[in-house]
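Reader: I would like to go through this model one feature at a time. Please give the cut-off behind each term when it comes up.

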Amino acid sequence: MASPFLSLSRWLRRGEAMIITCASFKGGVGKTTSAVHFATFLQAFAPTMLVDGDPNRSASNWARHGKLPFAVIDERQATRHARAYEHIVIDTKARPDEEDLKALADGCDLLIIPTTPDALALDALMLTVKALRALGTERYRILITMVPPKPSRDGDDARQMLQEAGLPLFAQTIRRLVAFQKAALHGLPVQQVADPRAAEAWSDYEHAGREIMA
Ligand SMILES: Nc1ncnc2c1ncn2[C@@H]1O[C@H](COP(=O)(O)OP(=O)(O)O)[C@@H](O)[C@H]1O
Ligand SMILES: [Mg+2]
């Protein structure tokens, strides 16, 4: 089967709609932060909407200042708005059951599974991967987020472990940077935050976004 990324890049080149979903069994691993920044990335190419599929409404909350460069739409209204947008990024709640996961996987071109590099999150990730395998989907890629700075080796260790397990992984990892918390707090994409490391923070998601298009 061809790499899902080949077909994604083909879609992008042909200017067709692309649907990306951020999902994971565990909360607090960077789903919403990733959804916001992949939507920011895609918006530079074509009109993009972020569908807020989490009853906690974290993405809607992020958008409430009206400063995000893309539309954030409640999942209950998404179908009515979908026609106006080329790309769709879907943020989801934590702890989807297997039926939810199947619906999510079937409903998108690429599932992005964020994980932090700690043991607890990696255990939860392996459960998610097992469930995806049981569904027979290969359209997913793991993104390691909130990687602590050196001398911690957590990020490298997690990457090595996932690579050795032969799992599809973004080469780019996302660093743990306060700028991301400020971005959520002020309702901005991270590159617009007043923080000395805001540009670095954005470059992590920008590089991950380019991998989707490579
Ligand atoms: N790369 C990062 N560096 C630092 N903090 C982060 C990063 N990504 C997310 N966070 C923070 O971690 C918390 C959980 O992130 P969030 O995106 O809401 O995860 P989820 O949607 O999976 O629950 C939030 O407070 C968020 O601001
Ligand atoms: Mg969230």
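**Helix pairs, buried residues and backbone exceptions**

Reader: Does α2 pass α9 in a left-handed or a right-handed crossing?
Author: This is a predicted model, in which local features need pLDDT of at least 70 and side-chain atom pairs pLDDT 80 or more, while totals for chains, interfaces and linings use all residues. Residues are numbered from 1 along each chain as written, and chains are lettered from A and ligands numbered from 1 in the order written. A crossing is left-handed if the near helix is turned anticlockwise from the far one by less than a right angle, and right-handed if clockwise. By that rule, the crossing of α2 and α9 is right-handed.

Reader: At roughly what angle do the axes of α2 and α9 cross?
Author: Helices (H or I, at least four residues) and strands (E, at least two) are DSSP runs numbered from the N terminus. Axes are lines fitted to C-alpha atoms, for helices over the stretch in contact, and angles between N-to-C directions run from 0 to 180 degrees. Angles under 35 degrees count as roughly parallel, over 145 as roughly antiparallel, 65 to 115 as roughly perpendicular and the rest as oblique, so α2 and α9 are roughly perpendicular. Their axes come within 9 Å, and the crossing angle is roughly 65°.

Reader: Which residues of α9 make the contact with α2?
Author: Two residues are in contact if their C-beta atoms, placed from the backbone, lie within 7 Å. On the α2 side these are H37, F38 and F41; on the α9 side they are Y205, E206 and G209.

Reader: How close do the axes of α5 and α6 come?
Author: Helix α5 covers residues 98-106 and helix α6 residues 119-135. The axes cross at roughly 65° and come within 10 Å.

Reader: Which residues of α6 does α5 meet?
Author: The α5 side of the contact consists of E98, L101, K102 and A105. In α6 they meet A131, L132 and L135.

Reader: Is L68 buried or exposed?
Author: L68 sits in the loop between α3 (58-63) and β3 (71-74). Outside four places in sequence, its contacts are V36, W62, A63, G187 and P189. A residue is buried if 20 or more other C-beta atoms, placed from the backbone, lie within 10 Å of its own, exposed if 12 or fewer, and partly exposed in between. L68 has 21 such atoms, so it is buried.

Reader: How many C-beta neighbours does T115 have inside 10 Å?
Author: T115 belongs to strand β5 (residues 110-115). Leaving aside neighbours within four places, its contacts include S24, V29, I142 and I144. T115 counts as buried because its number of C-beta neighbours inside 10 Å is 27.

Reader: Which residue does a cis peptide bond join to K150?
Author: Most peptide bonds are trans. Here omega is about 15°, and the cis bond joins K150 to P151.

Reader: Near what value is phi of M146?
Author: M146 lies in the loop between β6 and α7, and its 22 C-beta neighbours inside 10 Å make it buried. Most residues other than glycine have a negative phi. For M146 phi is positive, near 50°.

Reader: Which residues come nearest to ligand 1?
Author: A residue is near a molecule if its C-beta atom, placed from the backbone, lies within 6 Å of it. Both α2 (31-43) and α8 (178-186) supply at least two residues of the shell. Of the 17 residues around ligand 1, the nearest are G30, K31, T32, T33 and F180.
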